[in-house]
Amino acid sequence: MAATRKLQQRWPPPPPPPRIAAYIRTCARLGQQPSSDVLEDLYWDGALAIDLQFCREPEAVLSFLKEAPAGVQQVVIFDGKLCYEHIGPYRERLLAEDRRERRPAR
């Protein structure tokens, strides 16, 4: 019974913070898909953390920063290859990204 009450209190879920909507609007305006990593960091931490290894088209991030939405607490731009290359899942993601970029367009 108590679990059901807690579930009812959380439903419907609260709307996402305005910074999320601003990022999604910016990506849509540029015809790009929002990055799930960026969305997650913005939602939970209010941080815009950009790994240069995976940010191949920085226009959405730069336009988003130009709008200066409220709620962004931190901006971090880094090269994850310098810090995380030795970690297996990160290395696998780098290889997958390289394969994706080399695939011919249809």
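These points cover the overall build, the largest pocket and a few local details of the structure.

1. The model is predicted; local features are given at pLDDT of at least 70 and side-chain atom pairs at pLDDT 80 or more, while totals for chains, interfaces and linings use all residues. Residues are numbered from 1 along each chain as its sequence is written, and side-chain values use heavy atoms, with hydrogens and water left out.

2. The protein has six helices and two strands, in the order α-α-α-β-α-β-α-α along the sequence. Helices (H or I, at least four residues) and strands (E, at least two) are DSSP runs, numbered from the N terminus.

3. Of the 106 residues, 24% count as buried, that is, under 20% relative accessible area with a 1.4 Å probe and protein chains only. The protein exposes about 8,100 Å², 56% of it supplied by carbon and sulfur atoms; the areas come from the Shrake-Rupley method with a 1.4 Å probe. Among contacts (heavy atoms within 4.5 Å) with a separation of 6 or more, 66% join residues 24 or more positions apart.

4. The largest pocket has a volume of about 740 Å³. A pocket here is an open set of points on a 1 Å grid over the protein atoms alone, where a 1.4 Å probe fits, with protein on both sides within 12 Å along at least five of seven lines; lining residues have an atom within 4 Å of a point. Grid points are joined across faces, edges and corners, and the volume is the space filled by probe spheres set on the points.

5. The lining of the largest pocket holds 26 residues, with S35, D37, F54, C55 and R93 nearest the centre. Two or more lining residues come from each of α2 (18-29), α3 (36-45), β1 (47-51), α4 (59-67) and α6 (88-102). The largest share, five residues, is from α6. By class, the lining has 13 nonpolar, four polar and nine charged residues; Ala, Val, Leu, Ile, Met, Phe, Trp, Tyr, Cys and Pro count as nonpolar, Asp, Glu, Lys and Arg as charged, and the others, Gly among them, as polar.

6. Two details concern α3. At its start, a side-chain oxygen of S35 comes within 3.3 Å of the backbone nitrogen of D37. Just after α3, G46 has a positive phi of about 65 degrees.

7. Q53 sits in the loop between β1 and α4 and is buried, at 16% relative accessible area. Beyond its neighbours within four places in sequence, Q53 contacts D79, G80, K81, Y90, L94 and E97. The side chains of Q53 and D79 form a polar contact of 2.7 Å (N or O atoms within 3.5 Å; within protein, one able to donate a hydrogen and the other to accept it, with residues adjacent in sequence counted only if both atoms are side-chain atoms).

Terms used:
Buried means under 20% relative accessible area, exposed over 50%, partly exposed in between (1.4 Å probe, protein chains only).
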